[in-house]
Amino acid sequence: MTGREESTSSRTDDPGAPAARPADPVAVRRVPALVTALADTRDLPDGPGRLVALERLAERADAAGDARSAVDARFALIEAYLLNGERWRLVEPVRRCRAAADHRSELLDDAEAGLLLRYQRYAVEALLGTPRVGLDQTRSLLDDLAHRVGADGPDASTVAELRCRIADHLGDEPTARHWYQRWAGTRPGPTGGCPGCAPARRAELLAGWGEWRAALAELRECAGDPEDCTDQPERALVAELLPGLRAGEPERAAAAHVRAYRRHRRERAAFPYLAAHLRFCALGGHLERGLEILAEQLPRLDRPTDDLAAMEFAAAGALVCGLAVEAGLGGRTVHRPAYGDRPATEPDVATLGALLGEIASELAGSFDARNGTGHHSGRMAAWLAERPLAEPVPLPADEPTEDPGDADVTGDSRAGDERTADGPGERELVTLTLDMITMALDRRGDRYRVDEGGTVVGRWGAAVIQFRRAGERGEVLHARTMAARRLPVARRAEAYAFCNAWNHDRLLPKAYAHDLGEELVLAGDVATDLAHGVAPAQLLVLVDAAIATGVAYAEAVAALP
């Protein structure tokens, strides 16, 4: 069982906003210089420099007795750690914020207190992803969370889930099953994370215990009640890959793999799911595809989302390599790009498999040393000893056509009613429709949501991008990019100069600054008149270009001094 934590970016109610906080709830002693310094620090580009500045600012606020600025700095620090995938660093700032709030009950309003509870849950979950978090620290935070939410409160199920997943992570299956019974069938409370992902988390646990059909039943039971969650349906599809193979449903597992990997191949946050894709290829007899995926995704092992994901990816990759050697494919070479001081190499499959096995073993040993068990070492050894479960079945075409069998598993509502297997050919000119836009994004494997007005919204790195049909007949494809980083109004002249320079040097997007009163949103537009129609292949090129240029624009904004 992976103990996989929830992604903090699984919903897109406002893709462009970080965890928002209201204005100061009470009048408390403030040091004006610290307030100004905090505003300047928040305006720094994302990166190590901003993290160091926030850490120092929190310490200065502590020394000056400015509790509000200290909390503000640590909230910003927590948000930065989450954005940069460093959840393991949350424990200390969460603990300090909690101590400050307990000392002065008026320091946080209700919304901020609820946000701190959510951050506390994230800090507890950090134990599952890395051995760099202490076990006693985590248990203390979890016991404190349980005390605060109460035995009968709406978040009691959240505490049960955390206790279940931690017990499973430690290899204590009886205790994990005990807490699973208190968690099963419930919906997460206010701090419990995405309701749409809870069934997938439960299915992962059940699969880890060998309850294959129960895992599939958990996924199918929730399929008719889709949630507004942009991690779905792909997360649920990944959760059913191994249970589907072991339960004698290889065709269904193959369809789930192809559909989910179409998206997961591109997303950095999807790295934790790649191990399941590789294990499906190994145990489903698709070794050629497994080697292709391993070669494509190997660079991501140098910058994993967490240690657990790196361990599982390495073990699954070693399994693919080991089976490929047995099948006579061990002499093939795989390009491993340079990273840091390590030069680029071309190891053969057998050598790469041995290397990946060492990485998995070392990480498993680190987890077990922290946990005081041998659970993860044994689990990874069991993975490497697995053998194919069934004869390989043909994989579906890697195209986003609607599979009639998908509806009862995923409940995916992103595809419109217009989409059919008999849709327009790749080069056939047709009228632009909303369905064509979502199909293009599906083909890229992107996540998004569609609002009531028919605008498609998603986030790509530092850019929030909207696609809509404009014009009298909806014949114009309009893409609007908004940089996640915003500037204070005092920097209006700099913002205008930046936009003018961008428009002078580049064609797309057309850049401008939008004044919201207290801050500036740097945005950009791309509009394409398609009055004479557009072919699906052409629309995909236009969407690719809008996203690529929009991301480049937002990254340029983020890099402003």
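## A partly exposed histidine

Histidine 178 counts as partly exposed, at 40% relative accessibility. That value falls in between the cut-offs, because buried means under 20% and exposed means over 50%. Histidine 178 sits in helix 8, which covers residues 173–183. Alanine 160 is 18 residues away from histidine 178 along the chain, and the C-alpha atoms of the two are separated by 9.1 Å. The model described here is a predicted one.

## The whole protein

The protein has 561 residues, and 53% of them count as buried. Its secondary structure consists of 22 helices and six strands. The exposed surface comes to about 24,100 Å². Carbon and sulfur atoms supply 52% of that area.

Take the contacts with a separation of 6 or more: 69% of them join residues 24 or more positions apart.

The largest nonpolar core has 53 residues. Phe313 and Leu356 have the most contacts inside this core. Eight elements each supply at least two of its residues: helix 11 (234–239), helix 12 (241–246), helix 13 (250–264), helix 14 (274–283), helix 15 (287–297), helix 16 (307–326), helix 17 (349–371) and helix 18 (375–384). Helix 16 gives the largest share, with 14 residues.

Leucine 356 shows what such contacts look like. Setting aside residues up to four places away in sequence, leucine 356 touches Leu294, Leu298, Leu301, Ala314, Gly317 and Ala318. There is also a second, separate core of 47 residues. Among its members are Leu90, Val91, Ala126 and Leu135.

## Arginine 289 and the cysteines

Arginine 289 belongs to helix 15. Its relative accessible area is 18%, so it counts as buried, given that the cut-off for buried is under 20%. Neighbours within four places in sequence aside, arginine 289 is in contact with His257, Val258, Tyr261, Cys281 and Leu395.

One of those contacts, Cys281, is itself buried, with a relative accessible area of 0%. Cysteine 499 is buried too, at 3% relative accessibility. The count of disulfides in the model is zero, where a disulfide would need a pair of cysteine sulfur atoms within 2.5 Å.

The six strands of the open sheet follow the order 1-2-3-4-6-5, and their pairing is antiparallel. Strand 1 (449–450) and strand 5 (510–515) stand at the edges. Each has a single partner strand, so one side of each is left without a neighbour in the sheet.

Strand 5 pairs with strand 6 (residues 519–529) in the antiparallel sense, over six bridges. Within this region, alanine 511 stands opposite glycine 524 of strand 6.

## Helices across the sheet

Helix 20 (residues 434–444) lies across strand 1, strand 2 (456–460), strand 3 (463–470) and strand 4 (476–488). Helix 20 runs at about 20° to strand 2.

Helix 22 (residues 536–558) also lies across the sheet strands, namely strand 2, strand 3, strand 4, strand 5 and strand 6. Its angle to strand 4 is about 15°.

Definitions and conventions. Residues numbered from 1 in each chain as written. Predicted model: local features only at pLDDT ≥ 70, side-chain atom pairs only at ≥ 80, totals over all residues. Heavy atoms only, no water. Core = buried A, V, L, I, M, F, W, Y, C linked by side-chain atoms within 4.5 Å. Buried < 20%, exposed > 50% of the residue type's maximum accessible area, 1.4 Å probe, protein only. Helix = DSSP H or I, 4+ residues; strand = E, 2+ residues; numbered from the N terminus. Contact = heavy atoms within 4.5 Å. Areas by Shrake-Rupley, 256 points an atom, 1.4 Å probe, with all protein chains shown as cover. Pairing = 2+ DSSP bridges. Axes fitted to C-alpha atoms, helices over the stretch in contact; angles between N-to-C directions.
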